[in-house]
Amino acid sequence: MALPLSYNIRSLLQRKSRTVLTILGIASVISIYVAMVSFSQSMTSTFARAGAPDNVVVIQKSAFSLSLSSLQKSSTNVIPFFDHIRHKGETPLASPELAVEPWVTVPGRAGEIFMVARGIQPVFFDVLDQIRVTHGSRDLRGNKLLLGPAARHKLGGVGIGDTVVFFGESWTVAGLFEAEGSSLELAMLADLSDLMRAAQREELSAFTLKAASVGEVAPLVKLLEDDRRVLVTAVPEKEYYVASGRTFSMLPAIGLLMSYIILLGAIFGGMNTMYTAVAGRTREIGTIRALGFSGASILVSFLVEAALIGAAGGLLGTALGWLAGGARVNVMTASVQCTVTPKVAATGFVLAIAIGLLGGLAPALRASRLQIVDAIKQV
Amino acid sequence: MKFLPLILKNILRNRRRTVLMAAGIAVAVFVISALLTVEAGFGTLIGSAEDTLLHVREKGLACPVTSRVFDSYLHRIQSNPSVRSATGVLRGLYSYRSKDNMVVVSGVDYNSFRDLKGIRVVDGSEQTFLGRPDAVLVGQPLATQHGWREGQTVAFEQSGVTFTVAGTFVSSDKAYENGILAQKEYLAKLQRDEGKSTYIVVALKDPAAASAVSLAIDSEFKNAPKPTKTESERDARERELSDFAQIRRMLGLLVLAAIVVSIFGAANSVSMSVRERTREVGILRSLGLQKSHILGIVIGESLVVALVGGVIGIGLSALLLSTDKVLALIVLSLRPSTLLSAVATSVVIGLGGAFLPAIRATKLSIVDALRLAD
């Protein structure tokens, strides 16, 4: 026969302050866990979303990233004319780009902001087709900018018509774009020649090429890498962004590792509470046994009690962790909007119950093994 | 102090609870000291930059590695009468095995760089380094981490580059110890950066002339193909790391959360122990102990357990960081100041956990406490 649930709930309410403290402890741990896992996943998915499967990024041989690459002028003239590149009418879908990371100031605000700028030509929009201009014009000539949501956020919410300053020049926000929530959304898109002039660069950073088909990505990469005229590294676009995300992977990794360790600490706390619950009720347990309840039902009852504490902590913790959703974390060329998925929230909730159960298991076993006579005798 | 034996007896009375409370605090203090070590790593990066050196780089660029100035600037800077010496550093990023293992390679003109940055070769020799073009000196913590030894060749496959380790070094500027020193000309050829530096480090005859010299340098190159930005090395370092502010705040929040969680745990444990001993408190009071004595006994108990937990936590992190570790830009090394903060944190946890239960214990009236037969 099982003990009724109301018994557990009443027991918990009788020791209110301890129950509340344990619940709060578990809740804080779970909220940290949910926030950290979400941050980590969002970091990965932000980079994983960037790029199209049929695109290839071409940078200087062995360059670490777009902004550390500069292509020799001689290769610039050759690259658009390789085989396997898709054409739109007569034009090869080869987007020449300059990637720089300027300090940007917003008039009327203090401080310089680390930003990512990309100089482009109109063909860019045909190649990076995940970019969707939502407001304003694509015509960027004359120091005009298109901003992604992340860029806008990092610049403190500037909008169309506002100006920002970098490389000693003033730039006007002419429009806004979206890129499926990917890391591309941190970019300020500018006209290629404007940016090259302002940054005093004479060489391009990179080309993004659209292969004739997904199947022709590999032959295009091989052709480019083997050609001794151009000396470049060619990488499928998706691969490039996933790899560049890895540069930042240690940041969420630290947070994640720490939250796992704190989870361990919470198990100790849960154990402590349940042991005391058992110790304080030795006589009561004896009485219940004397009434005819089996040791197994005592075990189940204490586990249920532990799970209840865990569930309460889990509810509160996932609710708190949920608040991390929408928060944006910026560091250098990464900007991550934290998304808490239902799956992560559910995992947090289940973990909370698991913490309760793990903490309650040893004390519950102890309770179920008490000898009736000894238990009743205890004062 | 005379109550210490009583406190210790009480702690040992319910060993399981004591062990669990100490274990919980140990975990928290471990996490806290690890996070403080990361923060201290950032602090050292900034702290070991010097106020008296000037840092000249390309104007307007935020990413510190992408800057390029011409080496021809070096001679013009050296001709300034206030300048004692100047050296160009060319930087590159290389990924070892994968991009999560980013290594900063600094191409230097060894003799002048060594004097400015207090480079000391620990294992290996300067002669080997200077003797072959692809030779490098590896910062000691980085070498330990990857197990790189003198004479070994290290391949950065993704970058298609192979270096030969000529030795390991330590520097007065910790920012270099997480990386590799290569010969500038060789690195320039690899990166197609001939005749360029990422930045120029300038030592002055008189540190008081810093701002005047900075102005002079920047105005001299104002109309050059690459205009410059000159500031003290300390300011430059701070600016480079300014974009990590949010991440550092996040780590700070984690520390705070770990403290709060363990205070909850400790409070729980102490309140259990106080509740169990309600009658005993009545007896102690009737023996003539003051409320303040009871307060002291309860808090003392919590403090002792918290300190034991804290020491275990610190021990764990000391074990983990027995050798310095490199984490991207920063070097993780356990510092006495971090240990002190961790101890202080355990005290805070012990006090915070004991506070409410202890107050409650003093509020009990003697008669009620004695009557309770729990």
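These questions and answers concern two interfaces in a predicted model.

Reader: How many salt bridges does the rule find across the interface of chain A and chain B?

Author: One of them joins the side chains of Arg201(A) and Glu58(B), at 3.7 Å from N to O. That pair qualifies because the cut-off for a salt bridge is 4 Å. Across the whole interface of chain A and chain B the count is four.

Reader: Which element gives the most residues to the side of chain A that touches chain B?

Author: The interface of chain A and chain B also has 13 residue pairs in polar contact. On the chain A side, the elements that give two or more residues are α2 (16–48), α8 (237–246), α9 (250–280) and β15 (328–331). With 15 residues, the top contributor is α9(A).

Reader: How much area do chain A and chain B bury between them?

Author: In this pairing, 57 residues of chain A are in contact with 60 residues of chain B. Carbon and sulfur atoms account for 65% of the buried area. The total is about 5300 Å².

Reader: Within chain B, which elements give two or more residues to the side of domain 1 that touches domain 2?

Author: The domain assignment gives chain B a domain 1 (4–45 + 244–371) and a domain 2 (60–226). Their C-alpha centres lie 45 Å apart, and 10 residues of domain 1 are in contact with nine residues of domain 2. On the domain 1 side, the elements asked for are α2 (15–47), β13 (325–327) and β14 (330–332) of chain B.

How values were computed. Residues are numbered from 1 along each chain as its sequence is written. Chains are lettered from A and ligands numbered from 1 in the order in which they are written. This is a predicted model: local features need pLDDT of at least 70, side-chain atom pairs count only at pLDDT 80 or more; totals for chains, interfaces and linings use all residues. Side-chain values use heavy atoms; hydrogens and water are left out. Domain bounds come from an automatic or database domain assignment. Contact means heavy atoms within 4.5 Å. Helices (H or I, at least four residues) and strands (E, at least two) are DSSP runs, numbered from the N terminus. Buried area is the accessible area (1.4 Å probe) that two parts lose on being put together, summed over both. A polar contact is a pair of N or O atoms within 3.5 Å; within protein, one must be able to donate a hydrogen and the other to accept it, and residues adjacent in sequence count only if both atoms are side-chain atoms.
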